[in-house]
Structures are given as structure tokens and as C-alpha cells.
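Please read each point beside the coordinates.

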Amino acid sequence: MFLPSLASGLVSLVLFSAPVAPVVPAAAQDKPASSVRTVEITGGDDMKYSVTSIPAKPGETLRIRLTSKGTLPKIAMAHNVVILKAGAKQIDFANAAAMAAATGYIPPDMKDQVLAASTMAGPGETVEVTFKVPAAPGTYPFLCTFPGHFAAGMRGTIVVK
Ligand SMILES: [Cu+2]
């Protein structure tokens with residue numbers, strides 16, 4: 001009585017769990033509903049991105065998800081990701097952005113240099129930005145515009161080729 005029921009229990013367990021493992025990653029990564037590619041980045045109290053170089057194909061749609069691993073309060077330590085157009089003056093932009101708290105650290109008079117921008121993530125929060133990568137091959141800078149973070153090295157590049 002005991003052994004047969006145990007055996008059938010194991011069989012149904014195997015049947016149930018077997019297809020789950022290969023199906024989930026395929027659905028999540030290889031065959032997304034749309035053709036958006038997601039890149040996960042973290043940033044912490046060290047004011048660095050976990051990813052500083054993102055290879056991309058011309059014209060593809062990219063979603064950058066930024067999670068703050070920081071522990072300091074948002075008012076003192078928040079992170080965003082702002083992608084600039086080719087040729088944008090990064091230092092000037094970062095300096096102007098530091099003074100633009102009222103507009104989410106995006107300087108209104110320099111918006112024409114912005115390709116895409118996320119909002120600010122406080123500790124444990126995730127923000128994301130989805131945008132179309134330029135068709136022109138080249139290097140497009142991204143940076144965190146929270147005051148001081150660009151200078152501390154919170155920056156990277158999207159390399160389109
Ligand atoms: Cu930051």
C-alpha cells in the first residue's frame with residue numbers, strides 16, 4: 001500500500017517539475033513578447049554602476065533597469081541613468097544637472113542632449129528607461145546625475161555597432 005502510492009507520488013512530482021525548468025528562461029529571455037532587450041544594472045553607496053559598457057545593435061530597443069543597492073536615505077544617495085546623445089558635453093551636463101533637483105536632476109535647458117532618462121532610485125528601488133538605440137554606430141555616454149556621482153565615476157557607455 002505504502003510503496004505504490006509513494007512511487008506514484010514521485011512520478012507525478014517528476015512529471016510536474018520536469019517541463020518547468022527549461023520553459024521559464026526561454027519565455028523570459030529568448031522569446032519576449034516584444035523585441036525589447038533588458039540590461040540590468042545596480043548602483044550602490046560606492047557611486048558606481050555594476051555595468052559600465054553596454055554593447056548594442058543599431059536601432060534596437062533597449063530597456064535599462066537600474067536597482068539601487070544603497071542603504072543611505074534617498075535624499076543623500078539616489079541613482080538614475082541618463083543616456084546622452086553622441087557629442088554631448090558630459091561634464092557640463094553633470095554640473096548643470098546637479099543644480100536641477102527641481103526637475104529630477106535633468107537640466108531643462110539641456111534636454112536636447114538627452115537620449116533617454118530614468119527617474120531617481122532610492123535604496124532598494126528599481127527604475128527603468130526604455131529607448132530606441134540610435135541607428136548611427138558610435139559611443140553614447142550614460143551617467144548618474146545625482147550631485148557628485150558623475151565625478152565619482154558613476155558613468156558608462158553604450159557602444160553601438
Ligand atoms: Cu548615482
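1. Strand 1 and strand 3 are paired in the parallel sense, with 8 bridges between them. Within this predicted model, threonine 38 has arginine 63 of strand 3 standing opposite. The two strands belong to an open sheet of 3 strands, ordered 1-3-6, whose pairing is mixed. Strand 1 (36–43) and strand 6 are the edge strands, each pairing on one side only. With direction ignored, neighbouring strands of this sheet are turned against each other by 20 degrees on average.

2. On the overall architecture, the protein chain contains 3 helices and 8 strands. Read from the N terminus, the order of elements is α-α-β-β-β-β-α-β-β-β-β. Of the 161 residues in the protein chain, 25% are buried. Among contacts between residues at least 6 apart in sequence, 70% join residues at least 24 apart.

3. The average pLDDT of the protein chain is 86, and 79% of the residues score at least 70. Residues 1–29 have a pLDDT below 50, and this stretch makes 1 contact in the model beyond near neighbours in sequence. Where pLDDT is low, the predicted coordinates should not be read in detail.

4. The largest nonpolar core comprises 28 residues. Those with the most contacts inside this core are Val81, Val82, Ile83, Phe142, Leu143, Cys144 and Ile158. Two or more residues each are given to this core by strand 3 (61–68), strand 4 (82–84), helix 3 (90–98), strand 7 (138–143) and strand 8 (155–160).

5. Which residues does isoleucine 83 touch, not counting residues up to four places away in sequence? They are Leu115, Ala116, Phe131, Tyr140, Phe142 and Ile158. Isoleucine 83 is also among the residues with the most contacts inside the largest nonpolar core.

6. Leucine 115 is located in strand 5 (residues 114–117). Apart from neighbours within four places in sequence, leucine 115 contacts Ile83, Leu84, Lys85, Phe131 and Tyr140. Is leucine 115 buried or partly exposed? Because leucine 115 has 19 C-beta neighbours inside 10 Å, this residue counts as partly exposed; the threshold for a buried residue is 20 or more.

7. Helix 3 has Phe93, Ala94 and Ala97 as buried residues. Viewed down the axis of helix 3, the buried residues lie within an arc of 95 degrees and therefore line one face of the helix. An α-helix has 3.6 residues a turn, so residues three or four places apart point the same way. The buried residues of helix 3 pack against strand 4 and strand 7. Ile91 and Asp92, on the other side of helix 3, are exposed.

8. Two residues deserve a check of their backbone torsions. Most residues other than glycine have a negative phi. Methionine 47, which is not a glycine, has a positive phi of about 60 degrees. Methionine 47 lies in the loop between strand 1 and strand 2 (53–56), and counts as partly exposed because 18 C-beta neighbours lie inside 10 Å. Tyrosine 105 likewise has a positive phi, near 60 degrees. The loop between helix 3 and strand 5 holds tyrosine 105. Tyrosine 105 has 23 C-beta neighbours inside 10 Å and therefore counts as buried.

9. Glycine 122 is placed in the loop between strand 5 and strand 6 (126–132). Which residues does glycine 122 contact, leaving aside neighbours within four places in sequence? These contacts are Ser68, Lys74 and Ala78. Since 16 C-beta neighbours lie inside 10 Å, glycine 122 counts as partly exposed.

Definitions and conventions
Residues are numbered from 1 along each chain as its sequence is written. This is a predicted model: local features need pLDDT of at least 70, side-chain atom pairs count only at pLDDT 80 or more; totals for chains, interfaces and linings use all residues. Helices (H or I, at least four residues) and strands (E, at least two) are DSSP runs, numbered from the N terminus. A residue is buried if 20 or more other C-beta atoms lie within 10 Å of its own, exposed if 12 or fewer, and partly exposed in between; C-beta atoms are placed from the backbone. Two residues are in contact if their C-beta atoms, placed from the backbone, lie within 7 Å. A nonpolar core is a set of buried Ala, Val, Leu, Ile, Met, Phe, Trp, Tyr and Cys residues joined through C-beta atoms within 7 Å. Two strands pair if DSSP finds at least two bridges between them. Axes are lines fitted to C-alpha atoms, for helices over the stretch in contact, and angles run from 0 to 180 degrees between N-to-C directions. The arc is that of the directions from the helix axis to the C-beta atoms. pLDDT is the predictor's confidence in each residue, from 0 to 100.
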